[in-house]
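Here are a few friendly notes on helix packing, to read alongside the model. Please have the structure open as you go through the points.

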Amino acid sequence: MKQLLQWTIIIPILSWALLFSGLIADSSLFQIIASLLLILSVMSAVHHSEIIAERVGEPYGTIILAISITVIEVSIIVSLMLSEGSEATSLARDTVYAATMLILNGIIGLCLLIGSIKHYEQNFSTSSVTIGLVSLISIIVFTLVFPTFTESVHGSYYSTPQLIFASIACLVIYSSFLFAQTKGYRQYFLTNTTNEDESKTHPIEINNKTFYTSLVFLLVSLGIVVLLAKTLSPTIETIIIGYNLPKSLVGVIIAIIILLPEAIAAIIAARKNRLQTSLNLALGSALASIGLTIPSVAAVCIVMNMPIVLGLDIKSIVLLALSVFTVMLSLSKGKSNIVYGVVLLVNLFAFMFLMIYP
């Protein structure tokens, strides 16, 4: 009974109750309350994902969280595309692009910066990073770059055969990455626990009741995050348009909400001197965000005969290339550095600044 009275269980239940009450649409006060409950539900999801990760071990814990977050992303994008129709043709691209930039520059940058400030220098496996980046670069080019330069359809679109090919390519690459992470090369993705801080930490025994409760409430928390984000998105869009800001900022805000659980979990891991876990989360999230979201959205668009804009403009391609290149150099030696974190965060600010002031 005591376990059921924890805030990580009460908050998602209160959030669901507020959603079903119908009060959010008619009141600015309840929209603010819903926003606070959304953030707390994200924190609840992080808590439950950590318990699950502790029980199932690495790298399975990070995979569960990454795939759960991708389910949120797909659900929000598809629901908004179905409700807004032709006005949301670029939403999938904007959200996936924003998520990729936030992960590569924001999450990895913060982890390198915070980890370096606290521990000066942290080690990680270059083999795991190389596997992740090779997979990520290929998926990025197939989904966000090639559509700008193909000639079958005018504009930043794929033709249906091209869209099917790109979707299959994403799934094949992501599946091979999962195989490497869980079976073939799992040892590359395991956190080294030989350092002094970790040697003092003993694994926590998670009983079956706690594990299954966390599994259920992880889904409950993620579900309410999806629905609250969708409910609040018209208000967010109205505010953005009211301040004459670009509509693509909606995709950025959705990506920020989606990535909050992983960002918090990754930063906590870096503070605990588990940078390998942070990088597993970040690169796994980026791969899942593109490798699963684009095929899912593409399937819906093909079935519903809806257009989908995927290709980025040249400025965005240059920013994305800069981010990928900087991350590759930052993670090439297997050791963290405070400068790497600062540079990546500057890249993130450049992305945001140039979106508002193109």
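1. The crossing of α4 and α5 is left-handed, meaning that the near helix is turned anticlockwise from the far one by less than a right angle. This is a predicted model in which local features need pLDDT of at least 70 and side-chain atom pairs count only at pLDDT 80 or more, while totals for chains, interfaces and linings use all residues. Residues are numbered from 1 along each chain as its sequence is written, and side-chain values use heavy atoms, with hydrogens and water left out.

2. Helix α5 covers residues 126-149, and its angle with α4 is about 155°, at 12 Å between the axes. The two are therefore roughly antiparallel (angles over 145 degrees). Axes here are lines fitted to C-alpha atoms over the stretch in contact, with angles from 0 to 180 degrees between N-to-C directions. Helices are DSSP runs (H or I, at least four residues), numbered from the N terminus.

3. On the α4 side, Arg93, Val96, Tyr97, Thr100 and Leu104 meet Leu136, Ile140 and Leu144 of α5, contact being heavy atoms within 4.5 Å. By class, that gives six nonpolar residues, one polar and one charged (nonpolar: Ala, Val, Leu, Ile, Met, Phe, Trp, Tyr, Cys and Pro; charged: Asp, Glu, Lys and Arg; polar: the others, Gly among them).

4. And how do α4 and α12 pack? Helix α4 (residues 91-119) meets α12 (residues 314-330) at about 30°, with axes 11 Å apart. They are therefore roughly parallel (under 35 degrees), and their crossing is left-handed. The contact holds nine nonpolar, five polar and no charged residues.

Conventions:
Parallel < 35°, antiparallel > 145°, perpendicular 65-115°, else oblique.
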